[in-house]
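Colleague: I am still learning to read a protein model, and I would like to go through one slowly. Could we begin with the way helices pack against each other?

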Amino acid sequence: MVVLIAGYATIFSQTMNTDLKSLNPDDALVEIKTSLGDVVVELYNDTPLHRDNFLKLVGKGFYDGVLFHRVIDEFMVQTGDPKSKEAKNGEELGDGDPGYTIEAEISYPRHFHKYGALAAARTGDNVNPERRSSGSQFYIVTGKKQNPARLDAMAARATDAKRQEYFMNLTKQYSDSIKSLRLAHDSVALENLRQELIKKTEEAVLPENMPEEIREAYTTIGGTPHLDGAYTVFGEVIKGMDVVEKIQKVETDASDRPKEDVRILSAKIIRKNKE
């Protein structure tokens with residue numbers, strides 16, 4: 001089921017705190033109390049669907065009691081599965097949600113997967129080509145500092161993948177010509193056409209160039225650059241990354257679930273000027 005996100009005033013009318021009904025979303029932070037300490041996140045105002053949905057769920061107490069069900073050292077910590085509240089030890093988690101997804105608000109390079117980024121989890125491209133986000137599950141990026149050469153290699157791979165896709169689409173447009181040349185066994189003309197399509201592809205898809213400020217962030221504070229452009233980043237941790245570090249270091253099972261539960265005790269909306 002897909003549900004459109006309501007307006008901000010409607011969202012806050014669902015909360016019990018009357019003071020929050022008049023709160024401008026630009027002024028909101030979220031304090032997440034976990035069993036290992038407290039984390040404060042700021043939400044981006046240019047991803048309003050994700051911002052308002054997150055605030056709505058926090059206001060309803062949706063996250064109170066959920067587990068960090070997927071934790072991978074030097075990658076990220078993930079939570080937000082409502083089924084995890086009553087999960088037994090060892091039970092596999094990760095498919096729970098509030099019954100809807102959210103339209104993607106991917107805005108790379110403005111927002112990227114730097115250390116401390118807050119992003120929405122989702123199902124894979126094979127079943128979710130629009131890259132819609134889970135209605136509730138999110139992750140906080142830890143990642144690691146990136147080697148410049150690795151960033152260059154990743155950019156080259158990204159360019160190659162885009163060019164391959166573009167080239168394949170071109171060949172579909174020229175399918176009749178390719179078929180005729182093959183039937184005529186004209187290998188010279190086929191090769192000339194192939195070279196022509198390669199040239200068109202290279203002219204249309206230019207090499208990926210990572211912005212310098214993003215490159216600097218990945219090499220100095222770290223993150224997970226291979227996720228950029230594929231998931232919606234809608235906020236960042238402004239306090240408590242030491243707590244996130246503790247969470248990512250816990251012992252996990254084969255499904256990346258912590259062997260000892262790490263839980264969100266409560267989440268609440270606070271004003272920026274009171275933080």
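Modeller: Let us start with one pair in this predicted model. The axes of helix 4 (residues 148-173) and helix 6 come within 9 Å, and they cross at roughly 135°.

Colleague: What do those two values describe in general?

Modeller: Two packed helices are described by the angle between their axes and by the distance between those axes. In the present case, helix 4 and helix 6 are therefore oblique to each other, and their crossing is right-handed.

Colleague: Which residues make the contact of helix 4 with helix 6?

Modeller: On the side of helix 4 they are Arg163, Tyr166, Phe167, Leu170 and Thr171, while helix 6 contributes Arg194, Leu197, Ile198, Lys200, Thr201, Glu202 and Ala204. Sorted by class, this contact of helix 4 with helix 6 has six nonpolar, two polar and four charged residues.

Colleague: At what angle do helix 5 and helix 6 pack?

Modeller: Helix 5 (residues 175-183) and helix 6 (residues 187-204) pack at an angle of about 155°, and their axes are 8 Å apart. Because angles over 145 degrees count as roughly antiparallel, helix 5 is roughly antiparallel to helix 6. The crossing in which helix 5 passes helix 6 is left-handed.

Colleague: Which residues of helix 5 and helix 6 make that contact?

Modeller: Helix 5 uses Ser177, Ile178, Leu181 and Arg182, and helix 6 uses Ala189, Leu190 and Leu193. By class, the contact of helix 5 with helix 6 has five nonpolar residues, one polar and one charged.

Colleague: How do helix 4 and helix 7 cross?

Modeller: The axes of helix 4 and helix 7 (residues 212-220) come within 10 Å and cross at roughly 130°, which makes helix 4 oblique to helix 7. Helix 4 passes helix 7 in a right-handed crossing. The contact is made by Pro148, Leu151 and Asp152 of helix 4, together with Arg215, Tyr218 and Thr219 of helix 7, and by class it has three nonpolar, one polar and two charged residues.

Colleague: Now I would like to understand how one reads the faces of a single helix.

Modeller: The general idea is that an α-helix has 3.6 residues a turn, so residues three or four places apart point the same way. Take helix 8 (residues 241-248), whose buried residues are Met241, Val243, Val244, Ile247 and Gln248.

Colleague: Against which strands do the buried residues of helix 8 pack?

Modeller: They pack against strand 1 (28-34), strand 2 (37-43), strand 3 (68-72), strand 4 (76-79), strand 8 (138-141) and strand 9 (233-239).

Colleague: May we turn to the backbone, and to residues whose phi is positive?

Modeller: Histidine 185, which lies in the loop between helix 5 and helix 6, has a phi near 55°, a positive value in a residue other than glycine. Aspartate 256 also has a positive phi, of about 70°, although it is not a glycine; this aspartate 256 is found in the loop between helix 8 and strand 10 (264-271).

Colleague: Is histidine 185 buried or exposed, and how exposed is aspartate 256?

Modeller: Histidine 185 is exposed, with a relative accessible area of 71%, whereas aspartate 256 is partly exposed, with a relative accessible area of 24%.

Colleague: Where is there a cis peptide bond?

Modeller: A cis peptide bond joins tyrosine 108 and proline 109, with omega about 10°. Proline 109 is found in the loop between strand 5 and strand 6.

Methods. Residues are numbered from 1 along each chain as its sequence is written. This is a predicted model: local features need pLDDT of at least 70, side-chain atom pairs count only at pLDDT 80 or more; totals for chains, interfaces and linings use all residues. Side-chain values use heavy atoms; hydrogens and water are left out. Axes are lines fitted to C-alpha atoms, for helices over the stretch in contact, and angles run from 0 to 180 degrees between N-to-C directions. Helices (H or I, at least four residues) and strands (E, at least two) are DSSP runs, numbered from the N terminus. Angles under 35 degrees count as roughly parallel, over 145 as roughly antiparallel, 65 to 115 as roughly perpendicular and the rest as oblique. A crossing is left-handed if the near helix is turned anticlockwise from the far one by less than a right angle, and right-handed if clockwise. Contact means heavy atoms within 4.5 Å. Ala, Val, Leu, Ile, Met, Phe, Trp, Tyr, Cys and Pro count as nonpolar, Asp, Glu, Lys and Arg as charged, and the others, Gly among them, as polar. Buried means under 20% relative accessible area, exposed over 50%, partly exposed in between (1.4 Å probe, protein chains only).
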